[in-house]
Amino acid sequence: MAGQRASTPTSDQLRPRSRARGAQLPAPRRGPDAPPPGAGQASAGRAAGRSRTGSRTRTRRPNPGATVLAALGLPVIGAFTDELLGSAPGGVFAVLTVLGTAAAAWLATRAGWWWVLTAVAPVVLGCTAGAELLADREKYADTKALATGAAKWAVHSFPVMGWALAGAVLVIAARIVLERNQRPEQQKRSRRG
């Protein structure tokens, strides 16, 4: 170890040089950086515009419980009402299924429309099959009778599915038109304010 000097650091060498004795470190940041100069006026104007137009506009909040209740509950009620009246799922079932699907399309968000439209076929077939099986268990005791009944239920369910899908598509189209008409009014209000 020739040429090296063995020395121990002194207390002056261990202390950071940039800080004087008794000086404290800055406190950690607790919030976001301050906005650049002049940006405070623009953000205040936007906040005021939001407060003026925010009270007039209606935001659509998803309510999945009401949507599911409309899409599933009304067809179930209709199917069992028709069975109690003595007919296979027919008029009451068709009307309540169309109303339930249309109401679900109105209550759902744009992303939920896909679920409303694709749920029509399983809901209609499930309600029809469930009501028929609960009403006439002994009639469908063997597999041959059950297969025949299932084919009959599918054929009789297609018109109800078509009407329900048409009702949902009409409601979705009406919502799209209403939302487009509301947007220009909101933009005009924000430009004025």
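This is a predicted model: local features need pLDDT of at least 70, side-chain atom pairs count only at pLDDT 80 or more; totals for chains, interfaces and linings use all residues.
1. Start with the two residues in the question. Arg-175 and Glu-179 are four residues apart in helix H7, so about one helical turn separates them. Their side chains meet in a salt bridge, with 3.4 Å from N to O. Arg-175 counts as buried, because its relative accessibility is 2%.

2. Now look at what else Glu-179 does. This residue also forms a salt bridge with Arg-110, where the closest N and O atoms are 2.9 Å apart. Here the partners come from distant parts of the chain: Glu-179 sits in helix H7, while Arg-110 lies in the loop between H4 and helix H5 (112-118), 69 residues apart. Glu-179 is buried at 19% relative accessible area, and the cut-off for buried is under 20%. Arg-110, at 43%, is partly exposed.

3. A search of the whole structure turns up two salt bridges. Through shared partners, Arg-110, Arg-175 and Glu-179 are joined into one network.

4. Next, the rings. The structure has one aromatic pair. The ring centres of Tyr-140 and Trp-153 are 5.2 Å apart and the planes sit at 70 degrees, so this pair is edge-to-face. It links distant parts of the chain, with Tyr-140 in the loop between H6 and H7 and Trp-153 in helix H7, 13 residues apart. Tyr-140 is buried, with a relative accessible area of 7%, and Trp-153 counts as buried at 7% too.

5. Have a look inside. The largest nonpolar core has 11 residues, among them Phe-93, Val-123, Cys-127 and Met-161. Helix H4 (91-107), H6 and H7 are the elements that each give two or more residues to this core. H6 provides the largest share, with five residues.

6. The buried residues of H6 include Val-120, Val-124, Thr-128 and Glu-132.

7. Finally, the outside. Trp-106, Leu-107 and Leu-178 make a nonpolar patch on the surface, with about 240 Å² of accessible area together. Leu-178 belongs to helix H7 (residues 143-192), and this leucine is partly exposed, at 42% relative accessible area.

Definitions and conventions:
Residues are numbered from 1 along each chain as its sequence is written. Side-chain values use heavy atoms; hydrogens and water are left out. Patches are made of residues with over 30% relative accessible area and no salt bridge: like charges are joined within 9 Å, nonpolar side chains (Val, Leu, Ile, Met, Phe, Trp, Tyr) within 5 Å. Accessible areas come from the Shrake-Rupley method with a 1.4 Å probe; for residues, only the protein chains shown count as cover. A salt bridge is a side-chain nitrogen of Lys or Arg within 4 Å of a carboxyl oxygen of Asp or Glu. Buried means under 20% relative accessible area, exposed over 50%, partly exposed in between (1.4 Å probe, protein chains only). Rings of Phe, Tyr and Trp (its six-membered ring) pair if their centres lie within 6.5 Å; planes under 30 degrees apart count as stacked, over 60 as edge-to-face and the rest as tilted. A nonpolar core is a set of buried Ala, Val, Leu, Ile, Met, Phe, Trp, Tyr and Cys residues joined through side-chain atoms within 4.5 Å.
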